[in-house]
Amino acid sequence: MLSYWEKESFITYDFIIIGGGIVGLSTAVSLREKYPQKSVLVLESGFLPSGASTKNAGFACVGSLSEIVADMRTHSSEEIRQLASMRNEGLKILRSRLGEGQIDYHHTGSHELLFHHEKHLLGHIDEVNKLLEPIFEQPVFSDNTQQINKFGFSSEVKFLIENKAEGALHTGKMMKALIQKAVETGVEYKTLSRVSKIEEEGKTGVRIRIENFDHSIRAEKCFICTNAFALQFMPESDISPGRGQVLITEPVFDLPWKGIYHFDEGYYYFREVNGRILLGGGRNLDFDAETTSEFELNSRIQQDLEAKLYELIFPKRKLNVDMRWSGIMAFGKTKMPIIKQISENVVAGVRLGGMGVAIGSLLGKRLSEFA
Ligand SMILES: Cc1cc2nc3c(=O)[nH]c(=O)nc-3n(C[C@H](O)[C@H](O)[C@H](O)COP(=O)(O)OP(=O)(O)OC[C@H]3O[C@@H](n4cnc5c(N)ncnc54)[C@H](O)[C@@H]3O)c2cc1C
């Protein structure tokens with residue numbers, strides 16, 4: 001039974017956002033920036049955001065050379081340019097909205113490690129730089145193999161490609177700052193609020209049902225920002241969950257490098273965080289098992305990550321793994337995210353692949369334009 005006060009103040013909003021990850025929160029902030037008088041509620045099912053936004057590696061990345069060359073097989077040049085541009089634009093919004101200091105952003109650049117069988121990729125540097133020139137206005141990729149020895153990688157690593165457009169941030173600080181920003185701008189953010197159903201009310205709005213709450217909440221418009229979990233609301237969509245796994249070592253006192261690194265078409269990535277090595281990826285080793293929304297660890301992938309750590313990244317050294325975790329991403333046949341009006345009053349912004357840190361803020365801005 002609701003009180004008069006509850007009915008007056010807690011049951012009707014202008015905009016409701018389902019999902020409190022980077023996209024949901026960015027949408028909320030963009031909506032309040034555009035419509036300061038409108039009320040905005042974000043409903044998040046977990047106590048913490050429980051998808052990918054607090055689980056990721058914190059790479060502010062626009063794509064590695066091998067990833068882009070692989071994408072050229074399945075995407076048009078225009079799509080590849082669009083994806084890089086979205087990543088670049090999204091990162092600009094994120095950095096200026098939250099402040100680089102607040103999120104520990106460092107424009108470190110990045111390196112991609114190439115192996116003997118990938119030598120041909122060096123021949124694509126000029127082509128990809130030209131493709132991305134309208135966005136970055138200077139060459140993004142260069143061959144930095146002459147510096148290879150200073151990193152101390154295994155001798156299996158034969159070439160190093162530098163990317164000047166990338167950086168690293170602290171994922172926890174970024175999400176905390178984003179929640180704070182949303183709340184400061186007047187957004188209501190409710191956790192432990194899992195939406196079970198969206199009910200259309202013709203042209204006038206939607207009613208949202210929440211688990212363990214007997215009353216529906218009404219909004220003029222609702223935004224689905226649940227990424228890998230969006231099939232619940234849009235079952236016909238091309239969305240597959242994809243688990244990503246990460247480990248982090250204890251601090252390493254003489255780590256010879258900082259910054260961020262990729263290899264194998266972006267399937268593996270590692271970086272320095274507070275003197276530790278964070279290493280993730282390996283989904284391509286077991287695609288079937290990793291097409292899941294279960295937050296578990298796959299021992300085959302964890303063993304592979306450890307092998308890469310001990311044999312490739314910091315060979316012949318004893319390192320201790322401190323923590324391991326997984327997060328759930330969303331993939332489809334194309335890398336383009338879904339930004340679409342589902343019905344008169346429901347809009348979705350989902351399927352961000354492994355790019356959500358980069359494109360999440362831009363997606364929020366685009367979603368706010370549907371309001
Ligand atoms: C291990 C790992 C490493 C990654 N590394 C990077 C990286 O370095 N750089 C990069 O750009 N990207 C990276 N990504 C991808 C990036 O994290 C995601 O693309 C991004 O976080 C997606 O944001 P989102 O808000 O769309 O989804 P999510 O963060 O998944 O947010 C969706 C939210 O919806 C909530 N939800 C689901 N169902 C409901 C419901 N019914 N009711 C209410 N709430 C609901 C979930 O709890 C979740 O919090 C990585 C991902 C992983 C897993």
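In this predicted model, helix H4 passes helix H6 in a left-handed crossing. Helix H4 comprises residues 77–98 and helix H6 comprises residues 171–184, and the two pack with their axes 10 Å apart, at an angle of about 65 degrees. Because angles of 65 to 115 degrees count as roughly perpendicular, H4 is described as roughly perpendicular to H6. Helix H6 also meets helix H2, and the axes of H2 and H6 come within 9 Å and cross at roughly 30 degrees. Since angles under 35 degrees count as roughly parallel, H2 is therefore roughly parallel to H6. The crossing of H2 and H6 is, like that of H4 and H6, left-handed.

In total, 41 residues surround the ligand, and the closest are Glu44, Ser50, Ser53, Phe59 and Val195. Sorted by class, this shell holds 20 nonpolar residues, 18 polar residues and three charged residues.

For serine 50, a backbone N or O atom lies 2.8 Å from an oxygen atom of the ligand, while for phenylalanine 59 a polar backbone atom is 2.9 Å from an oxygen atom of the ligand. A further backbone N or O atom, that of methionine 355, lies 3.4 Å from an oxygen atom of the ligand. Taken alone, the ligand exposes 1,000 Å², and the protein buries 98% of that area.

Key: Residues numbered from 1 in each chain as written. Predicted model: local features only at pLDDT ≥ 70, side-chain atom pairs only at ≥ 80, totals over all residues. Heavy atoms only, no water. Near = heavy atom within 4 Å. Polar contact = N/O pair within 3.5 Å; in protein donor to acceptor, adjacent residues only side chain to side chain. Areas by Shrake-Rupley, 256 points an atom, 1.4 Å probe, with all protein chains shown as cover. Nonpolar A, V, L, I, M, F, W, Y, C, P; charged D, E, K, R; others polar. Axes fitted to C-alpha atoms, helices over the stretch in contact; angles between N-to-C directions. Helix = DSSP H or I, 4+ residues; strand = E, 2+ residues; numbered from the N terminus. Parallel < 35°, antiparallel > 145°, perpendicular 65-115°, else oblique. Left-handed = near helix turned anticlockwise from the far one by under 90°.
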